[in-house]
Amino acid sequence: MSGRPLTRWRECRPELYPPRGLALWRRAAAVLLGLGLFLWGLDALEVTPGRLIDGIGQLGHVFMLMMPPAVTEHVWDYVRAIGETLAMAFLGTLVASLLAVPLALMGARNIMPFGPVRLLVRRSSDVVRGIDSLVWAIFFVSVVGLGPFAGILAIAMNDTGVLTKLYAEAIENTDREQVKGVRATGAGRMQTIGFGVLPQVMPVLLGNSLYFLESNLRSATILGVVGAGGIGFFLMDRLMISAWREVSLIVIMVLVTVACIDALSRVLRGRLIGPVGR
Amino acid sequence: MADGTLGVRPLQHPQSRARFARAWAAQKRAHRLQWLSAAVLMLVLIAISAWLGEVKLALLWDRLPRFGSYFGRMVPELAWATLGEDLAYWYWNGWQWLASLWQTVLIAIYATLFGAILAYVFSFLAARNLTPAPWVGVAARRTLELARTVPELVFAVLFVFAFGIGPLAGVLAIGLHSFGALGKLFGDVAENADPEPLRGVRATGASWAQTMVYGATPQLMPDYLSYGLMRLEINVRAASILGFVGAGGIGQELYRAIKNFDHTDISAIALMLIAAVMLIDALCGWLRGRVIGRDGLRAL
Amino acid sequence: MSLSSRCGRPNAAGAKRVLELRALTRRFGNATAVDRVSMAVGDGEMVAVLGRSGAGKSTLLNMINRLIDPSEGEILYHGRDVSRLSGAELLAWRRQSAMIFQRFNLVARLSVLTNVLTGRLNHKPRLPKLFGMFNDQERDIAIDALASLGMDDHALKRADQLSGGQQQRVAIARALVQEPRLILADEPVASLDPVNSQAVMEALRRINQERGITVLCNLHSVPLARAWCDRAIALSEGRVIYDGPVGGLDEPTLLAIYGSAAALTEAH
Ligand SMILES: Nc1ncnc2c1ncn2[C@@H]1O[C@H](COP(=O)(O)OP(=O)(O)O)[C@@H](O)[C@H]1O
Ligand SMILES: [Mg+2]
């Protein structure tokens with residue numbers, strides 16, 4: 001630097017330099033091992049460059065076939081099916097939110113003193129959660145028959161599991177001081193929960209429910225694949241007969257609907273939580 | 001005056017007191033009206049949805065007993081004396097299922113990796129404070145929106161068509177959706193990045209990419225990792241059903257069992273799946289705790 | 001602290017001009033933060049920029065380094081206008097005009113050594129650096145810089161584990177490894193205690209004298225300027241109201257800079 005002789009620091013401070021010799025080999029071996037593992041995984045997933053290139057070509061081909069979207073006499077069927085899809089997401093989320101509140105109270109450490117009940121609620125919510133709503137849809141189709149009702153039940157089922165866990169965690173994170181304050185006024189157990197706990201978690205609960213309404217709309221669009229109503233049935237049907245231009249129309253309709261609901265939910269969330277909870 | 005004892009200054013003029021009462025009542029009425037209209041709107045929405053969704057509560061009530069029998073049939077016959085044989089009979093195809101389950105987990109891991117790496121790059125393009133140019137930011141945000149709005153299963157069907165039946169379609173489908181979802185989350189985190197270190201690095205003459213690597217990445221990485229692990233949990237669940245449309249994994253086996261009414265197979269596969277999901281949740285939770293707990297990454 | 005300048009070299013009025021500002025202006029909306037500032041800085045000078053908070057000192061320095069784009073005017077460096085540079089040339093200019101910030105602006109989660117090495121990002125080879133690879137020679141340079149500031153023992157600590165004074169010295173080391181011809185320091189000691197302020201100002205002065213690097217230094221107090229700099233430039237509402245030796249900062253001038261006698265005593 002500016003003509004000054006440079007000190008060779010490596011001799012006295014080797015820890016500030018990349019390793020050399022044996023240590024370097026060890027590091028290289030670790031990198032190679034990682035790379036090998038990665039490639040082995042790719043092999044297990046049957047990923048080959050040839051398949052990737054072929055597939056991308058095919059995808060381009062399909063994309064060309066999709067253009068332009070075809071507006072046929074089926075459009076009104078699709079509109080109704082999207083309505084069905086919205087209804088499924090809405091009712092499913094609503095039922096799940098309503099069921100999840102008492103369940104979450106039973107699963108929260110600071111509300112439910114009786115351990116076994118708490119454990120039962122939390123573990124069964126884990127199990128219910130672990131099964132995708134599509135699997136629940138298959139199950140409910142066999143119980144109540146084909147149609148959107150099975151879809152509603154499937155969404156409600158899966159979400160009750162998810163929301164119970166989320167709500168229970170939110171309730172466990174409530175501010176203890178506020179709860180104590182309510183109890184100090186001589187409130188009973190139910191009143192303490194009603195005035196001390198619920199007001200604190202309400203924004204979280206509502207915000208989560210709205211978020212799940214968005215995410216459930218996405219799930220609801222595919223439940224039709226197994227006959228549980230909604231636009232998914234048409235989407236699958238048109239895909240199977242390679243009616244690509246109708247597929248693209250349906251996809252566009254779904255995208256527009258989801259975008260609208262997202263925007264609506266963002267507005268509502270802003271109202272409910274206020275400007276703080278971005 | 002009674003309220004005088006509470007230290008509240010009573011309203012002096014009967015006239016102004018009346019005005020206050022009227023305003024109060026109006027306010028209360030407006031408030032009640034708001035609540036009422038919200039409630040009515042909600043009820044109307046519920047009614048329309050119930051009609052569109054063909055809700056048949058009576059039917060559900062009727063069929064409730066089927067729940068029991070459905071689950072009843074799923075319970076395998078296990079006896080203490082012959083437990084080993086019974087288990088072997090229940091899991092008659094256990095090794096095959098285990099292999100499929102492993103494939104499901106692999107799909108989830110590679111899809112998360114693929115989605116997260118792309119999302120990492122796009123988060124810098126999309127974040128308003130980091131984007132190299134406003135139009136790049138807009139383009140990046142639109143791309144992410146598109147990727148996360150299309151459900152995984154729709155991508156999966158398309159990719160099965162293009163890339164053939166098998167896990168590759170699953171990896172790409174979940175990866176693409178994860179890219180959209182993670183890109184949004186990463187972008188939100190990046191928009192809150194501390195500008196000071198960014199300026200510090202930029203002032204040295206670092207290029208945009210260098211500024212992202214040295215100024216932005218170190219502060220964002222813990223959050224990115226945490227979100228990525230959360231996504232992995234979600235993706236394991238998503239990967240478990242892709243087999244329904246031929247995109248690899250345990251879903252194929254599950255779908256076959258359901259279609260053929262092999263009830264004990266369903267329970268066997270479902271149990272394995274739930275166990276795997278719980279295991280991975282626990283693992284991710286532990287890793288996340290370490291990422292957040294250990295204050296920062298190894299200094300470079 | 002003695003009021004007389006500690007500078008060994010003569011006031012560099014006669015020295016070769018390296019940096020020249022011509023009617024440099026920056027507007028934010030309707031407000032003008034820097035208003036037609038013209039000045040010339042000689043080679044190897046150490047210049048204090050004084051002024052009340054909001055006078056436009058930070059904006060001026062950031063404009064010279066081009067972290068902020070000027071609205072109007074020219075920045076000549078050895079006669080070449082750098083105010084319109086873009087792309088690789090802009091980055092190279094930023095490397096040559098190193099910045100030091102009031103709040104250090106280190107990357108908290110990186111090691112001290114890596115923070116210093118970020119000063120080498122604009123030097124070739126650039127691609128390996130994107131993957132965290134710096135060669136031995138660059139590490140030598142970085143550790144040299146740390147050692148010259150007495151910070152080499154902390155090289156592997158995380159930057160946010162250091163005290164403010166230590167962090168600022170790391171930031172100076174980062175500036176040094178850029179191999180700059182100009183150092184722009186924006187209130188480098190404003191968030192430090194007196195002992196650390198002393199050490200940091202001393203380091204800047206030493207760099208100025210030993211390496212002949214020109215230093216422009218925003219300062220919040222007049223005694224600091226008197227103690228460490230050759231020359232002072234005072235801004236008020238974005239305009240230059242004093243430009244001369246620090247010895248010429250008399251009572252009326254200070255009143256003009258700081259507005260009121262109350263502010264004056266505060267500034268001391
Ligand atoms: N990014 C900005 N946007 C709007 N106004 C700014 C911005 N930066 C600085 N200013 C304004 O410009 C003026 C000068 O600011 P600054 O250069 O930071 O002053 P100093 O460093 O002398 O305290 C102030 O009035 C400040 O409010
Ligand atoms: Mg300032």
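Let me begin with a definition: a residue is called buried under 20% relative accessible area, exposed over 50%, and partly exposed in between, using a 1.4 Å probe and protein chains only. The model before you is predicted, so local features need pLDDT of at least 70 and side-chain atom pairs count only at pLDDT 80 or more, while totals for chains, interfaces and linings use all residues. Residues are numbered from 1 along each chain as its sequence is written, and side-chain values use heavy atoms, with hydrogens and water left out.

I turn to chain A. Its secondary structure comprises ten helices and zero strands; helices (H or I, at least four residues) and strands (E, at least two) are DSSP runs, numbered from the N terminus. Of the 278 residues in chain A, 47% are buried.

Next, the aromatic residues. Rings of Phe, Tyr and Trp (its six-membered ring) pair if their centres lie within 6.5 Å; planes under 30 degrees apart count as stacked, over 60 as edge-to-face and the rest as tilted. Over all chains, the structure holds 18 aromatic pairs. In one of them, the ring centres of A:Trp136 and A:Phe140 are 6.3 Å apart and the planes stand at 35 degrees, so this pair is tilted. Both residues belong to helix H5 (residues 133-144) of chain A, where being four residues apart separates them by about one helical turn. A:Trp136 is buried at 8% relative accessibility, and A:Phe140 is buried at 2%.

In chain B, B:Tyr120 and B:Tyr224 form an edge-to-face pair, 6.2 Å centre to centre with 85 degrees between the planes.

Conventions
Chains lettered and ligands numbered in written order.
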